[in-house]
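Subject: Structure for you to look at

Hi there,

Here is the structure I promised to send over. Please open it alongside this note, and I will go through what turned up.

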Amino acid sequence: MNPPVLTDICLITRDLNAGIDFYTKKLGFQLSSQMPGFADFVGHGVVLALWDAHKLRETTNVPGQIEEP
C-alpha cells in the first residue's frame, strides 16, 4: 500500500499581498487565481492556497489568528 501523497496545502496569513510576493518571487510558485482575501498557486508538485485571516473568518466562521500571538 502506498502512503498518501500531499497535493494541496492551505495556509492562513495576515498579509495576503506579502504572501503572494513571497510564494511567487522567493519560492517560484505560479499564481493561479486571486479573489478578495484568497489566492492560489501551482508549483513544485502541489497546489498552495492562501487565505487572509480576516476574510476567512468573515466568510466561513473559521477562526484565523488575526492578531500576533
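This is a predicted model: local features need pLDDT of at least 70, side-chain atom pairs count only at pLDDT 80 or more; totals for chains, interfaces and linings use all residues.

Residues are numbered from 1 along each chain as its sequence is written, and side-chain values use heavy atoms, with hydrogens and water left out.

The sheet

Strands β2 (residues 30–35) and β3 (residues 38–43) run antiparallel and are joined by five bridges; two strands count as paired if DSSP finds at least two bridges between them. Within this pair, Q30 stands opposite V42 of β3.

On to the next pairing: β3 is also joined to β4 (residues 46–52), by six bridges, and these two run antiparallel. A39 has L50 in β4 as its bridge partner. The hairpin of β3 and β4 has two residues between the strands, and H44 takes a positive phi near 55 degrees there.

Put together, the strands make an open sheet of four, in the order β1-β4-β3-β2, with mixed pairing. β1 (8–13) and β2 stand at the edges with a single partner strand each, so one side of each is left without a neighbour in the sheet. From one strand to the next, the twist averages 20 degrees. Helix α2 (residues 53–60) packs on the sheet and touches β1 and β4, where contact means heavy atoms within 4.5 Å. The direction of α2 makes about 85 degrees with that of β4. For such angles, axes are lines fitted to C-alpha atoms (for helices, over the stretch in contact), and angles run from 0 to 180 degrees between N-to-C directions.

Salt bridges

How many salt bridges does the structure hold? There are two, counting a side-chain nitrogen of Lys or Arg within 4 Å of a carboxyl oxygen of Asp or Glu.

One links D21 with K25, whose closest N and O atoms are 3.7 Å apart. These residues are four apart in helix α1 (residues 16–26), which means that about one helical turn separates them. D21 counts as partly exposed because its relative accessibility is 37%, and K25 is exposed at 65%. The classes are buried under 20% relative accessible area, exposed over 50%, and partly exposed in between (1.4 Å probe, protein chains only).

The other joins K55 to E58, with 3.2 Å between the closest N and O atoms. K55 and E58 are three residues apart in helix α2, so they too are separated by about one helical turn. K55 is partly exposed, with a relative accessible area of 24%, whereas E58 is exposed at 57%.

Best wishes
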